[in-house]
Amino acid sequence: MRYKGKKVLVTGGSGFAGSNLVDKLVEKEAEVTVLDDFFTGHRDNLKENLDSINLVKGDVRDCTLLKKLMENVDVVFHEAARNIIVSTKNPREDYEVNIGGTLNVLLVARDCDIKRVVYISSASVYGNPRYLPINEDDGTNLLSPYAVSKYAGENYCMAFYESYGVPTTALRYSNVYGPRQDPKNPYCGVVAKFIENVRENKPPMIHGDGQQTRDFSYVKDVVEATMLAGYEHSAVGEVFNVGTGIETNVNTLAEDIIDIYGKDLKPRHIDKRDIDNIRRRVLNIEKIRRKLKWTPNYTLKQGLQETIDWFEQSIV
């Protein structure tokens, strides 16, 4: 087992994606430390593993704390970040956490001789692409402070690999959904919001015409890709798309959720938001398939069904 007995730090590990990653690391018998400031994460996300991990409340802006936590660590999964809505509202905080925090992680990783840093980036760096599907070496189009900070983090990772030999890998997640995505959180993704509406017999609220497309990625698939990036040698110094390679418009997403519930509802279209500036997105995942032998296992409907099952069991 690749992670058995390995010392692992997950920043942002109480969040939606981070806590799902922690679950898998614990299952693989890693020695896991989670660092989180609980800005959008929840201690409850880790409740099943609290006896098996070291949970530390803190901030990636705190270099002294990072030095303490990263001593003797093998792998760092850097998930901590302010998300796109927070970043748009407060670009200075985005800069301090997303860029400054990533630089801190890399500086300490260099000094502590960390064996691998896996940095979680975002498909938002592509903006509105000229061509679809999007390849890793296609041009970027940075339309938000969040995209700027995520891309800056990637570049720092590559620079630290080239300049100091820090083994880094960057993963561009695309519209991740699944269990623990909290619809009460104003910063969560569209899938959780649609599920919340439909289960309460309310129409899904779609910003704009709903023809905007995304590459929706189920969290269990994303976790598998992330775990591979933590140990495969071919991942070092690389940037990978993590998606499905399937383009889905938001209207179809809403209809799929309504169909799974079997309810007689119609989506309602409302005003477009200022962050809704990406018209189409679908990623080419050939590079990660070829280099890491990873492909997603879940179709959108399978992922939605599991997510809905979790909501029905967990949300009162």
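This note sets out numbered points on the predicted model shown above.

1. Basis. The model is predicted, with local features needing pLDDT of at least 70 and side-chain atom pairs counting only at pLDDT 80 or more, while totals for chains, interfaces and linings use all residues. Residues are numbered from 1 along each chain as its sequence is written, and side-chain values use heavy atoms, with hydrogens and water left out.

2. Overall form. The chain contains ten helices and 13 strands (DSSP runs numbered from the N terminus, helices being H or I of at least four residues and strands E of at least two). Its C-alpha trace spans about 55 × 45 × 40 Å along the principal axes.

3. Of the 316 residues, 53% count as buried (under 20% relative accessible area, with exposed over 50% and partly exposed in between; 1.4 Å probe, protein chains only). The accessible surface comes to about 14,300 Å², and carbon and sulfur atoms account for 45% of this area (Shrake-Rupley method with a 1.4 Å probe; for residues, only the protein chains shown count as cover). Among contacts between residues at least 6 apart in sequence, 79% join residues at least 24 apart (contact means heavy atoms within 4.5 Å).

4. Second largest pocket. This pocket holds about 640 Å³ of space (a pocket is an open set of points on a 1 Å grid over the protein atoms alone, with protein on both sides within 12 Å along at least five of seven lines; lining residues have an atom within 4 Å of a point). Grid points are joined across faces, edges and corners, and a volume is the space filled by probe spheres set on the points. The lining has 21 residues, and Asn20, Asp23, Pro179, Arg180 and Trp310 lie nearest the centre. Helices H1 (16–27), H7 (219–229) and H10 (300–314) each supply at least two lining residues; H1 gives the largest share, four residues. By class, eleven are charged, five polar and five nonpolar (nonpolar: Ala, Val, Leu, Ile, Met, Phe, Trp, Tyr, Cys and Pro; charged: Asp, Glu, Lys and Arg; polar: the others, Gly among them).

5. Cavity. One cavity of 30 Å³ or more is counted (a set of points where a 1.4 Å probe fits but cannot get out). The largest cavity has a volume of about 40 Å³. Ile84, Ser124, Leu143, Ser144, Ala147, Asn277 and Ile278 line this cavity, giving four nonpolar, three polar and no charged residues.

6. Loop between S2 and S3. Asp37 is found between strand S2 (31–36) and strand S3 (53–57), and is partly exposed at 25% relative accessibility. Beyond residues up to four places away in sequence, Asp37 touches Lys57, Gly58, Asp59 and Arg82. Phe38 is placed in the loop between S2 and S3 and has a positive phi near 60°.

7. Other backbone features. Most residues other than glycine have a negative phi, and most peptide bonds are trans. Asp113, in the loop between helix H4 (91–112) and S5, has a positive phi of about 55° and is exposed at 63% relative accessible area. Leu132 and Pro133 are joined by a cis peptide bond with omega about -10°.
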